Amino acid sequence: PVIAGAITAVSAAAVVAIISLWIGRNQALEGEKRATEGERKATAALQETEETLQFAMKMVDQTLVRLGKETLLDQPGMQPLTADIYAQALRSYEQLLPKLEKNQRLPKDIAKVQLQMGFATKKLGKPKEALALLEKAATSLELLRDANRTDGELLESLSLAKIQIGTIHYEQQRFAAAAIPFQDALLLRREFAELEPENIEAGQLLANSEMNVGLLQEALGKPQEALEYYQAANARRKTLLKKAPDNSGLLRDRAKGLTNIGLLLAHQNKLAEAEKNYDEARQAFAKLAEHKDHQINDLHDLGISWMRLGDAAAVRNNSADLQLAVDRYYKALRVLEGLVVANPNVPSYRGTLGKTRLNLAQLYERQDNSREAFAQLTIAFDELQKLQTTDATYGKYRTRAFFEMLRLKKWKKLSPSELQDFEEWLNFAALENGVPWVESMQKLAQTASELPEVQLEGTGFESLEPPTKDR
């Protein structure tokens, strides 16, 4: 009995111990489960925070991308609205940045926010502050790239930072300083295109960098080097369009580049080659204007392309080509008239229309068609005079239109009824610009030749901004 009792006592103790171990194990498992659950919740919360920050970044980024495509916001008179939008974007980024910096898991996003802040600050007309932000972003992106040489997104972002740095120097006419970041961007984009050979946008970015370096070479007075870069960009865009024929952004980039090539060739007196490039650009802009997602500026650039073709014909200075020039300018006139009717409050469209009328009038003068010349000059003068209150850069064209009216009067090419109209325009000019201005113009016109001289005029379309993204 004693032995039995002892065994019973031991068994009970063992059971108690086992039960205690089981309870302890369960409690440990429960504690581990709670810890795991807590860790899971913490991880989920962190992930949710990251996703929220990334979503906020994406929303602001998309706003800036859409803003970059909206050409109307670049027009005179729209700057306050544009500046307000960029200021709001900058404030959003300023709020995002410290939150991202607390979370060291998102270094790429931190660098991208620095980049976008630099871009927005540049748009707000603060190049010095923008340069500091962009250089900081470039440094961060370079460190990330050194750690991961196969990240295409990093290559793209770093190249964009370099482009923006170069653009600030270029716009400040610090061409030597612009050369280094432009060349860096070119090399980065070559690397990006090699890394992702089927990525159309990678090739598009590379072509834009080639154009940027070409623009810099032209600014440095190296036209042959500029032409080589322009033509390389054009060849690349042409190849890319075979793979993506419906990419309107790519087609637009090529059309603008062709115009730059045409202008450079025209300035070298290679008029036949220039005319060929102008016509290719004209065809591209005409195709873009028919796209359902076309930009308003496509019609504007189509009108300018017809003007450039008119110039190319006019400088050959024979009767057949003079008529061809008139026909081309008339086509430009029709395109631009429709554009201005649909967008009456865009000064640059109205200004281009006024310049077109002025040039067409001078062609009519050379054809001895004084009636049509005077009609176009009076409308052009009226349109360009009205622009003085919104954009004074068109003042020289207004002056030229009035001078041409005085030329016709001096050489007695106005009919009696046109002379009466002229007196009214003379009074209008004096009222708007002052009697001294009119008198100085009359004095200048006393030595005017019978016919206006042939002049090539115009600027290219290619800009230093990144291309339109059509994925």
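Figure 1. At 30% relative accessibility, Glu142 counts as partly exposed (buried means under 20% relative accessible area, exposed over 50%, partly exposed in between, with a 1.4 Å probe and protein chains only). Lys162 belongs to helix α5 and Glu142 to helix α4 (residues 127-147), so the pair ties together parts that are 20 residues apart in sequence. Helices (H or I, at least four residues) are DSSP runs, numbered from the N terminus. The model is predicted: local features need pLDDT of at least 70, side-chain atom pairs count only at pLDDT 80 or more, and totals for chains, interfaces and linings use all residues. Residues are numbered from 1 along each chain as its sequence is written, and side-chain values use heavy atoms, with hydrogens and water left out.

**Figure 2. Salt bridge between Glu210 and Arg236.** The closest N and O atoms of this pair are 2.8 Å apart. Glu210 lies in helix α7 (residues 200-219) and Arg236 in helix α8 (residues 223-243), so parts 26 residues apart in sequence are tied together. Glu210 is buried at 3% relative accessibility, whereas Arg236, at 30%, is partly exposed.

Figure 3. Of the 19 residues of α11, 17 are buried. Asp311 and Arg308 form a salt bridge, with their closest N and O atoms 2.8 Å apart. Being three residues apart in helix α11, they are separated by about one helical turn. Asp311 is buried at 5% relative accessibility, and Arg308 is buried at 5%.

**Figure 4. The largest nonpolar core around Met405.** A nonpolar core is a set of buried Ala, Val, Leu, Ile, Met, Phe, Trp, Tyr and Cys residues joined through side-chain atoms within 4.5 Å. Phe381, Phe402 and Met405 touch the most other members of this 76-residue core. Helix α12 (residues 319-342) gives the most to the core, with 10 residues. Beyond its neighbours within four places in sequence, Met405 is in contact with residues including Phe374, Phe422 and Trp425 (contact means heavy atoms within 4.5 Å).

**Figure 5. Gln173 in the loop between α5 and α6.** Gln173 lies between α5 (152-171) and α6 (175-195). Its phi is near 60°, a positive value in a residue other than glycine. Gln173 is exposed, with a relative accessible area of 62%.

Key
Helices (H or I, at least four residues) and strands (E, at least two) are DSSP runs, numbered from the N terminus. A salt bridge is a side-chain nitrogen of Lys or Arg within 4 Å of a carboxyl oxygen of Asp or Glu.
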